[in-house]
Amino acid sequence: MFYLGSSVKDNKTTKKSCKTTMDKLALSMVFRIICFLILYGDISSQPLYENSREDRITAKETEFYYQNVYERENFLENQENSWKKKLDLCRETLPFDCKELYMNGIRKSGVYTIYPWEKTDPDYRPIKVYCDMESEGGGWTAIQRRVNGEETFTRNWTEYKLGFGTPYGDYWIGNEAIHQLTTGRNSSLYVTITPMDGGVVSFKMYHQFYVFGEDQNYTLQVANPGSGSLDDRLVWNDADFKTTGMQFSTFDVDNDKYIHNCAAAHLGGWWFNRCHSAFLNGLWHSGDWRSAWYSQYLSGREVNGTSMLIKSH
Ligand SMILES: [Ca+2]
């Protein structure tokens with residue numbers, strides 16, 4: 001009985017203990033499952049790349065890289081805006097003529113680029129010109145220059161209109177450019193002639209100089225002759241030979257006052273009258289170039305260079 005009793009009791013105790021253990025085990029299993037589910041859910045909701053240390057470093061590097069790119073883009077954008085502003089400033093301060101270059105501190109004579117036309121003008125273009133920065137206070141724009149005879153001045157209307165030759169040697173700046181340079185401002189004209197004999201350069205100053213547009217055939221208006229070793233032959237009171245008030249003529253467009261064609265006869269474009277007493281575009285070093293500047297230069301054989309310089313005042 002005791003045994004039985006004891007055995008039954010033991011049996012009951014064992015069963016109770018097992019039940020407790022199984023309960024605990026069950027509870028443990030449930031806990032584990034819940035933990036697993038929680039952990040799994042947690043893990044599965046996390047991006048895989050954050051799982052390892054290496055991946056976390058890569059993520060940081062990527063972030064740093066994009067931050068760098070962003071900063072560089074900002075830097076380049078600021079740089080571009082700065083360049084655009086500088087370019088606009090340059091465009092606004094492009095030199096109109098040689099006088100503006102002189103005012104900006106240029107003191108050496110030579111070839112420079114000027115911008116006589118407004119940006120909105122259909123004719124807008126830069127032109128290269130010779131600037132005399134030494135004679136008569138400097139800042140002179142050469143509209144005509146002959147130094148070596150390499151360019152012929154026997155040219156048609158369009159060539160004289162648009163210009164020809166090179167500012168490094170012989171050239172005519174172009175009647176359109178002369179009109180543009182003298183419009184809306186008072187300008188002076190300074191003429192020089194270099195003698196063939198190597199003597200002193202002759203010159204003449206005029207304190208008023210203007211050329212009308214093509215609709216008036218580039219009519220010349222010159223007045224107020226000033227100092228100079230050359231006699232006045234542009235304004236002087238001679239109805240048949242003065243130059244001021246004349247329209248421009250070329251061999252193909254005769255606007256002179258002569259019954260024949262002065263430009264065709266004298267082989268160069270000019271503001272011919274009936275025909276001239278001053279004419280700087282004749283045949284280089286030729287006896288056929290008559291009265292380059294009456295009566296000091298009666299033949300082209302006496303002339304070894306010319307220039308017509310203008311400056312606003
Ligand atoms: Ca005629």
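**Exercise 1.** Which strands and helices are included in what covers the buried residues of helix 5?

*Solution.* Since the model is predicted, the steps below concern computed geometry. Begin with the helix itself, residues 175-182, of which 7 of the 8 are buried, so that helix 5 is largely enclosed by the rest of the structure. Next, list the buried positions, which are Asn175, Glu176, Ala177, Ile178, Gln180, Leu181 and Thr182. Finally, identify the cover, which includes helix 4 (157-162) together with strand 2 (127-132), strand 3 (140-146), strand 6 (187-195), strand 7 (202-211) and strand 11 (303-312). Just after helix 5, Gly184 adopts a positive phi of about 75 degrees.

**Exercise 2.** Determine how strand 7 is paired with strand 6 and with strand 8.

*Solution.* Then turn to strand 8 (residues 220-228), which runs antiparallel to strand 7 and is joined to it by 6 bridges; here Gln208 finds its bridge partner in Ala223 of strand 8.

**Exercise 3.** Which residues have the most contacts inside the largest nonpolar core, and what does Val129 touch?

*Solution.* The largest nonpolar core contains 51 residues, and those with the most contacts inside it are Cys98, Val129, Leu189 and Ala292. Leaving aside residues up to four places away in sequence, Val129 touches Cys98, Tyr112, Ile114, Thr141, Ala142, Pro167 and Ile173.

Methods:
Residues numbered from 1 in each chain as written. Predicted model: local features only at pLDDT ≥ 70, side-chain atom pairs only at ≥ 80, totals over all residues. Buried ≥ 20, exposed ≤ 12 C-beta atoms within 10 Å, placed from the backbone. Helix = DSSP H or I, 4+ residues; strand = E, 2+ residues; numbered from the N terminus. Contact = placed C-beta atoms within 7 Å. Core = buried A, V, L, I, M, F, W, Y, C linked by C-beta atoms within 7 Å. Pairing = 2+ DSSP bridges.
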